[in-house]
Amino acid sequence: MHMVQRTNTDVAPWVSEDVKALEMLGYKSDLTRAYGFWGSFSIGFNVLSCVPSIAVTLSIALYSAGLPGLSWGWPVAMLGLYPVVLSIAELSSAYPTVGQLAPAGWGPFAAWIGGWTALAGQVATPASIAWAMSLAVPALIEQYYEPYIPANWHSFLIYLTVITAYMGLTCLPARQLARISVAGTIVNGALILGFIISMLVVTRHQPHNTNEEVWLKFKNKSEWPVGFAFLQVLLVGCFTNAGVETALHLTEETESAAFVTPQSMLRAFQVTALGGFAVSLTMAYTIMNVDELLESPFGPFPGYVARSLGKEGAITLLSFYLLGLFLAGLGASTSCSRVYFAFARDGGLPFSHIWRKVNHRTKTPVMASGLVWSIGALLGCLSFAGPAAINDIFTITAISQYLTFGIPIALKLCCKDRFRPGPWNLGKWSTFTNIAGLAFVSLIVPVLCFPSVRGDDLNAKTMNYSSVAYGCWITIPIIYYILRGRKHFRTPQPRVMADPAHMRRIHLVEVGMAVSHKEERKTESELGRRASAAESMSEKSDTVVDMPELSYTDAPHAAVELKQYYGALAPRFRNEKKGKE
């Protein structure tokens, strides 16, 4: 048996174009492109994982609004999040890489702040999911095995076990991770259907809540005004969708990324929105005693499932719930390792030369995965300082994620003349959608910083210190940037070879304007004419065309300038051809 080395001619056409597009942004393609639409959709859908996410945040909705918090909170949150997701999807098509959108001049600093904000949210997401599992497992054992007495160190050991499993799996080759993600989608889909069907079938002979109780009888226990309490209800949907951009962080491992990434991101959100609404309504009609669930020592969701399904049914459903949580954490950990790798590649981390290494066998950022595990282990140690300390660290997940959404959207609005849409874009609705998305982010980020209670219930343990935690996190990188980072953090400079193959790079930008088959044919015809000019030029010279100094976030401008360059050369070569004839 002998090994056959794969050559460039063996690479699928779309992979070849993705490599060229990445080079256009100033990067070398180091990772294997193994994610198609289903793989990209699956990892995003697994991270969103609506049943486990709603289960973990169920107390927020019930405490702030009662049953209407489930029926109204989810759809309103989805309507607010939809323009945010559309805006991020548009940006992912224009910039099919793990990077930051920023204008030239102060672009490196903006990319630095955006990058470190993303790092905070990314590392806290898998850690918070693993910690939720570490609390759920002892609670499940205690609920059905009375002699067991949980201890804090039990949860810590479970936490370490889970994040270690994450690290090992994220180091697997991308093709294997994509298969695990697709299998995880089946599990999460089965969990949604299984939860709804089991709850409706088992409770069909039991009394259900009336429409008035589900939709109209708000019960606010938080002492906040009703309007602000309802804003807190929206956090259930916001926490669930904090990882909606997961597919974006895998663009360099995705085939035809400029098309697939935004589509898969949007579809994952839409399916989660519909599935989550069905789950929320099922809970709203079948939860009969809100006060009893809020006081349950095992948490609202385990208590609700046990009361509705009995011991055997509850154990089965909660086992799938834990599996769904694990898959969500795995997807988040995979995304996190890619973000750390990409930022180290730009020199944004201390000892970047270590963390940006890619394993030559698996073609995955193994060192970045190890760094994520190390930070996660340190975060887990905070559990010994008390629940308030670790809970507040993990609440910066949503704050950091939504700031990461808001920063590039705001910069795009401020620098509209510098933005060039990708193949998937919003057309004339782009600006309106961006404004709506930024408005929702601006509304929800302050709400995330407030405690869930006030008055007599507010104390040192119930206070929300997430804004302080984020402020401390981002202050250190700012100081580091001033002292050292600004000297070595440089975004790559696009360099484009003057040969006809690079005309295909322009296609990634120009095809975004082709909204109909007629326009697409006209675009392809124009590209053909320019490619002919480029071919004639390449026969005369093998020189490299150096584009003006641009940050990698200005790469679409480089594409446009190159397009104009080829367009200007075309008449000259046509005249020379006529002269020879």
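This is a predicted model: local features need pLDDT of at least 70, side-chain atom pairs count only at pLDDT 80 or more; totals for chains, interfaces and linings use all residues.

Q: OK, what span should helix α19 have, and how far apart are its end C-alpha atoms?
A: Helix α19 covers residues 430-448, so its 19 residues should span 27 Å at 1.5 Å a residue. The end C-alpha atoms are 27 Å apart, which agrees.

Q: Which residues in α19 are buried?
A: Ser 430, Thr 433, Asn 434, Gly 437, Phe 440, Val 441, Ile 444, Val 445, Val 447 and Leu 448. They cover an arc of only 155 degrees around the axis, so they sit on the same side of α19.

Q: Switching topic: which residues have the most contacts inside the largest nonpolar core?
A: Met 283, Ile 287, Phe 301 and Tyr 402, in a core of 95 residues. Helix α15 (residues 300-345) gives the largest share of this core, with 14 residues.

Q: And what does Met 283 touch?
A: Beyond residues up to four places away in sequence, Met 283 touches Ile 54, Leu 58, Leu 70, Phe 195, Phe 301 and Tyr 304. Another core, of 26 residues, lies apart from the 95-residue one; Val 123, Tyr 340, Ala 344 and Ile 396 are among its members.

Q: Last one: is Ser 64 buried or exposed?
A: Buried, because its relative accessible area is 4%, and the cut-off is under 20%. Ser 64 is in helix α4 (residues 58-65).

Q: What is Ser 64 in contact with?
A: Setting aside neighbours within four places in sequence, Ser 64 contacts Lys 219, Asn 220, Ala 229, Gln 232 and Val 233.

Notes
Residues are numbered from 1 along each chain as its sequence is written. Side-chain values use heavy atoms; hydrogens and water are left out. Helices (H or I, at least four residues) and strands (E, at least two) are DSSP runs, numbered from the N terminus. The expected span of a helix is 1.5 Å times one less than its number of residues. Buried means under 20% relative accessible area, exposed over 50%, partly exposed in between (1.4 Å probe, protein chains only). The arc is that of the directions from the helix axis to the C-beta atoms. Contact means heavy atoms within 4.5 Å. A nonpolar core is a set of buried Ala, Val, Leu, Ile, Met, Phe, Trp, Tyr and Cys residues joined through side-chain atoms within 4.5 Å.
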